[in-house]
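Hi,

Here is the structure I said I would pass on. Have it open while you read, and I'll walk you through what turned up.

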Amino acid sequence: MDVGEKYKNNLRKYILIEDIRKKLWTEDGKSRVSIMIGAGFSRNAVKLDISLKSMSLWEDLKKRLVKELGDTSEYAELDVLTLGDIYEEQFGIINLEKKKKKEIPDENYEPSSIYSKLLQLPFSDVYTTNYDTLLERASKDVFNRRYQVIYDIHDIPGSVSPRIVKLHGSFPSHRPFVFTKQSYEDYPNESAPFVNMVQQSIMETTMILIGFSGDDPNFRKWLEWVSKTLGKHRPKIYLLGLDIDETNEVFSKFSVTAIDFHSVYQSSLSASRYATFFEELFDFLNINPNVDKRKWPYKEYKLYTFQDKVDINDL
């Protein structure tokens, strides 16, 4: 069974993912889909050596900050952004940046083939809140698309799609690294061009999100910033993933539709479950429904040799 049939038979919201694919491959050749990538997608990267340190996700970061701050019950109840504020106040911004680079060791990883599959798709733009450089590095091996990397707001003027947009900074030195509660509060003003850019994409294209959870601080903050300006008439945003809690109130509050692929991959309990999900998702999205209409010649012809007897009706 190919991935299309698998989705059609097992995915409850198949009609939505099919609509996203149609908008990705329009007849006029202009993609109507943008994508935003969160920290969870980085689990698809390949560690250079098993002995090297692994990347931390949000929950890992919180536990390590609590431990370094004193491991008290007071800190354990705080969210990771507030802990970032406290850590910066006690140890300084330089040490906070060192801590982030230690917990997200970009140099220990290289992008897997999944990154290439993602970047070969004709998204209008690729946004990411990740600090690592995996997307940028993977883009160098993608030859059917030429990406411009936007590291800060000064790179936006004159840029054209497709772009990889680093919304929260990029290791090792493209600052600011948006991480603390204060930096999130300052972001809509200090990085207004980025907020406007994402809002424009949401208005003009279908925005899909991968690598986020409903409790991800980046996920919630971006929805708040976008909703504040666009209001009730904002277009739908689609969150694609595995084991999504679709009852999460944030979805209805911010006009997000969750497409949970758990029903498709529920029998796969191996460590490669997420990799299989992304591989097959990108394979599905890469099927251009208009490709036959663009081919020349449209009709397939048989190949004959000089020894074959050819019937004129076959030509």
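This is a predicted model: local features need pLDDT of at least 70, side-chain atom pairs count only at pLDDT 80 or more; totals for chains, interfaces and linings use all residues.

Residues are numbered from 1 along each chain as its sequence is written, and side-chain values use heavy atoms, with hydrogens and water left out.

**Pockets**

Some terms, all worked out on a 1 Å grid over the protein atoms alone: a cavity is a set of points where a 1.4 Å probe fits but cannot get out, a pocket is an open set with protein on both sides within 12 Å along at least five of seven lines, and lining residues have an atom within 4 Å of a point. Grid points are joined across faces, edges and corners, and a volume is the space filled by probe spheres set on the points. Helices (H or I, at least four residues) and strands (E, at least two) are DSSP runs, numbered from the N terminus.

The largest pocket holds about 780 Å³ of space. It has 34 lining residues, and Phe212, Ser213, Gly214, Asp215 and Asp216 are the closest to its centre. Helix 11 gives the largest share of that lining, four residues. By class, the lining has 15 nonpolar, seven polar and twelve charged residues. Here Ala, Val, Leu, Ile, Met, Phe, Trp, Tyr, Cys and Pro count as nonpolar, Asp, Glu, Lys and Arg as charged, and the others, Gly among them, as polar.

The second largest pocket has about 400 Å³. Of its 28 lining residues, Arg175, Pro176, Phe177, Val178 and Glu190 are the closest to the centre. Helix 9 (181-190) gives the most, with five residues. The lining divides into eleven nonpolar, eight polar and nine charged residues.

**Cavities**

There are two cavities of 30 Å³ or more. The largest cavity is about 160 Å³, and among its 13 lining residues Ala39, Ser56, Ile104, Asn130 and Tyr131 are the closest to its centre. Its lining has seven nonpolar, five polar and one charged residues.

The second largest cavity is about 80 Å³. Its lining includes Met36, Phe212, Trp222 and Ile237. Helix 11 gives the most here, with five residues. This lining has eleven nonpolar residues, one polar and no charged.

**Helix 2**

Which residues of helix 2 are buried (under 20% relative accessible area, with a 1.4 Å probe and protein chains only)? They are Tyr14, Ile17, Glu18, Ile20, Arg21 and Leu24. These lie on the same side of helix 2 because they cover an arc of only 155 degrees around the axis, taken from the directions from the helix axis to the C-beta atoms. An α-helix has 3.6 residues a turn, so residues three or four places apart point the same way. The buried residues of helix 2 pack against several elements, including helix 1, strand 1 and helix 14.

**Core**

A nonpolar core is a set of buried Ala, Val, Leu, Ile, Met, Phe, Trp, Tyr and Cys residues joined through side-chain atoms within 4.5 Å. The largest one has 92 residues, of which Tyr7 and Phe261 touch the most other members. Leaving aside neighbours within four places in sequence, Phe261 is in contact (heavy atoms within 4.5 Å) with residues including Tyr7, Ile17 and Phe277.

Enjoy looking around!

Note on methods
Buried means under 20% relative accessible area, exposed over 50%, partly exposed in between (1.4 Å probe, protein chains only).
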